[in-house]
Every structure is written in structure tokens, then in C-alpha cells.
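Biologist: I would like to learn how to read a model feature by feature. Can you take me through one?

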Amino acid sequence: MRLEPVNRKVDTMKADGNDLPDSLGSKLAQAVAALAYEDLGPEVVRTLKYFTLDTLGVIGGAARAPGMAELLAAMADLESGGRARLLLNGSPASPAAAALANGAAAHALDFDDQHDPARVHAFCVVLPAVLATLPSAGGKVDGRGLLAALAVGVEVFCRLGLVCHNSLGKGWHPTTALGTLAAAVAAAKVMGLDARATLHALGLAFTQMSGTTQFIADGALAKRLGPGFAARSGVLAAHLARRGITGPWRFLEGQAGLFELYERGEVEPALLLEGWGSHWRLLELSMKPYPCCRCVHTVIQLALQCREQGIAAGDIVEGVIELGKVNRQIVGARFDRDHPNPVVHAQFNAAYAFATALVDGSVGIRSFTAEQVRREATAWASRLRTVDAGDIPPTAVPPARVTLTLASGRTVQVERWKMKGAPDDPMSEDEILAKFRAAMQWGVQPGEAALARLQGSVMALETLPDAGEVVERFLACRG
């Protein structure tokens, strides 16, 4: 849908009988401010708890990830105190710095959730923003308050991704760009800001918006910092708005707003508030079973399927991986085992994902270490090429097809149109808990009692009188 930009003077216009200017951002701010824990419902609460646990596990798993030690050292260079905490080393920090470091950790393994149609990773931005804001909320925030803040942040995030449905195709990294707005509303909710202040938090967040996919193309560690930048900017925006700093209220539909400037008018604005409070988009989130770009998860499943059929690496002469155009643009590069940034390169490479799954029969955090990426056993991935599939919609995430030419002369073709971890093929509770525990053990190596206490606190969030208990329980898991 092409939306004509609006840039007329609106200072005196009213929205729904209150004194907010008439803009789509105003309506969003009012919806966010009005939503309460009681509006969530048991399915939403259960989903929020599962994804909170999952994200904390992924943060713990990132303790050994490339770039994290350097990031923590940089944070120490910049500041030496504050009311929030850096989860990976326990250091005190400002809310903005904590949001940045913890958000980066949540994305460092590329093991965090995704809303597949919206193409956004939600909790890696929103949860760090919420946890970082708790100490400056102006009083204790209970578990229900934390859940409400997570709900509005994640829901806004998913809806923005659907509104801006081809953001990734234009070169934006929607998690980094749109996440700035999601973090702002989540932090505003923790602080109890009213609709007017929430509107200004959104506008101030938009003013800081950035984030392109060039870091993927270049295999740079900056990729994992994107969600941290978004979380930091959102937290900063909410703090500024609370003190009276104003932001643009036409940050969505203005001539230089999100829809026109960033998305070139290719948006579906009705999706932003349609069914708000009754149709929960956050229930459409996918949980990742593999620590790599979601675009290659189906490819991994196809490799495991080929392995079950008795196909081995030595049998393959060449292969073609077919994906939707956007997926192919992200993960379709020729595999290079000598790439200068092997971890990020492998996380975003369909050929390597197929090869490592076929060789090992499983894919985990260890699969994306530099040592594993550069081993001889998967060097044959360079014989696989990735192309656009003519029958797969360009922006479709789950579908993939692999055609292999074997040394015997036989051709094998396998395809799959849904993806493990998505709502139509979800991870079970046992799988969720196993992933959480394995990731924590990989990174911070907690004792069993401490790990059980963290899990118990998260799964009983709605009963906690102080949501900060979650942070303390996590810090107690650090070996």
C-alpha cells in the first residue's frame, strides 16, 4: 500500500477528545498507556514467560561469544557505575549502557526468537530494555508490571514489522531500526508514563533510528550490537520524555517519518492497531531451535532429512539450495571457510548450515565457533550454491528446497514449507527448557540450584512482588 505523506501543521488538532495531536503515533501511545496486565490473558502471559526464559538462556550462552568480552571492556571504559546491571559480568551501569550490553548479548548467538512474517527479533531488544529500566522506574515494579511492559513492547514490535513488511528487502535491519520504537514503549510502560509522554518517547526513539544489513554482508560483529543499540536508544528516549523533552509526533506518517523516509510508502498502516488487545501478534513468535539466521532453519531440517535417508557428504557432487529472494539475499553467499569473520559468515550462510547439519546430525552453539566453521569436514559446502526459487514468494521465510546431484548419478530433491519453532510447528515445553539449560551451561556454567531458582522465578513472574528478582537470580547463576 502506498501511503501519501502528511506534513501539515497539526499543533491544535485533537485525537479522541484528549489534548494529543491527531496522528497515528498518538493513537499508538494511547493504546500502549491504556493496556494493563489484566488485559493480557493466560495464553499471552504463558508465552511471555517462555520467551523471557528463552532470552535469558541465550544471554547466558553468549558469555563466550566473539565480541562480548570486548563489548564489556568498552562499557567499562565509558562508565564505572549506575543503577542497572550488565548481566554477563554483574557490573553496575547506567540503564542505557545495560540495555546496550544485554541486548547485544541476547543477539550474539543468533539464537533469539523471531516473528517470521514481520522479520523482527523481539525479546532481544524488549527484555533488556525493560530490565535496564526497572531500577529507575520510581519504585518497585512487580512481576505483573514487567509482563505488561514486555507485552506492549513485543506487540508493538511485531506489528511494526508487519506494517513495514519489506523493510529487510530494502536493506534495513528491522530488529535494530524498529526495535528502537519497541524499546521506547516498553521502557515507558515500566516507568508508568502517560499517553503524552509515551508519544514523545516514541518520537525521540524515532529520531535515533538506524540500522542496516550491511553488517551482515560484511560479516561484522556489529550485527550482534544492533539490538543493543535499539534497546539503548529506546531506554534513553523514555528517560528524556519523562523529563519533558519532546519528540516529533508524526514520526510514522510525516513526510520525513518512518513510512515515507524509511519504507518509501510501502506499508500497511492499518495493521498497527487493528485488533489491538484482542488479536495478539506476539503469539505468532517463533522460538529458534538453532543458533543461526532464521532464513536457514528449514535448510537445516532438510539436511537432517537427507541424513536420515542415508546421504553422506562424500556422496554429494554438487547441490542447489532454493529460497525466497529476500532469504537468498541474506544467506545465499558462497561459503568461504577462510572468511575473516567466520562466525557471522557461517550464521548467515545456507550452504554451511546444510553441510554442518548433514555431517554432524545436529546443530548447536558449538557448530558456529570459528574452529568448527573452518574444519575440513564441512569445506565441501562451497560446492552448494543458493538461488531464488521461482515458486517461493520473495518475502516468505519458511520455504526451502534442496536438489543434490550424487556421485552415483542419482538426483535427490527435498523441500519443506514450514519451520520448526514456528506456531504451526512449535517447540515443546521440554525442548524450551532443555534449550535454556544447555545455553546457560555453555556460557555461564551455573550450579543446578541457582539455575532452578532462575527458572522458577521466571515461570512464576506474575506472583513476584519485585521483578528485579529476575536480574538477581540471573546474576547468581554466574559461575
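Modeller: Two ground rules. This is a predicted model, in which local features need pLDDT of at least 70 and side-chain atom pairs count only at pLDDT 80 or more, while totals for chains, interfaces and linings use all residues. Residues are numbered from 1 along each chain as its sequence is written, and side-chain values use heavy atoms, with hydrogens and water left out.

Biologist: Into which domains is the protein divided?

Modeller: Domain bounds come from an automatic or database domain assignment. Here domain 1 covers 24-287 and domain 2 covers 294-416. Their centres, taken over C-alpha atoms, are 31 Å apart.

Biologist: How do I read the interface? What area is buried between domain 1 and domain 2?

Modeller: The size of an interface is often given as the accessible area lost when the parts come together. Buried area here is that loss with a 1.4 Å probe, summed over both parts. Domain 1 and domain 2 bury about 1,500 Å² between them, and carbon and sulfur atoms give 61% of this. R119, I216 and G219 supply 31% of the area that domain 1 buries against domain 2, more than any other three residues.

Biologist: How many residues of each domain are in contact?

Modeller: Contact means heavy atoms within 4.5 Å. By that rule, 20 residues of domain 1 are in contact with 15 of domain 2.

Biologist: And how many salt bridges and polar contacts are counted between the domains?

Modeller: A salt bridge puts a side-chain nitrogen of Lys or Arg within 4 Å of a carboxyl oxygen of Asp or Glu. The count between domain 1 and domain 2 is one. Separately, seven residue pairs are in polar contact, both residues at pLDDT 80 or more. A polar contact is a pair of N or O atoms within 3.5 Å; within protein, one must be able to donate a hydrogen and the other to accept it, and residues adjacent in sequence count only if both atoms are side-chain atoms.

Biologist: Which residue does R294 meet in a salt bridge?

Modeller: The partner is D116, at 3.1 Å, N to O.

Biologist: Are D110 and Q445 buried or exposed?

Modeller: Buried means under 20% relative accessible area, exposed over 50%, partly exposed in between (1.4 Å probe, protein chains only). D110 is buried at 2%. Q445 is exposed at 54%. D110 is in the loop between α4 (95-107) and α5 (123-133). Q445 is in the loop between α17 (429-443) and α18. Helices (H or I, at least four residues) are DSSP runs, numbered from the N terminus.

Biologist: What does A122 touch?

Modeller: Residues up to four places away in sequence are not counted. A122 then touches D113, V154, F157 and L285. A122 lies in the loop between α4 and α5, and is buried at 0%.

Biologist: Why is α5 largely enclosed by the rest of the structure?

Modeller: Eleven of its eleven residues are buried, so α5 is largely enclosed. Among them are F123, P128 and T133.

Biologist: Last one. Where does S457 lie?

Modeller: S457 is in helix α18, residues 448-459. S457 is buried at 4%. Leaving aside neighbours within four places in sequence, S457 is in contact with L464, E469 and R473.

Technical notes:
Buried area = accessible area lost by both parts, 1.4 Å probe. Helix = DSSP H or I, 4+ residues; strand = E, 2+ residues; numbered from the N terminus.
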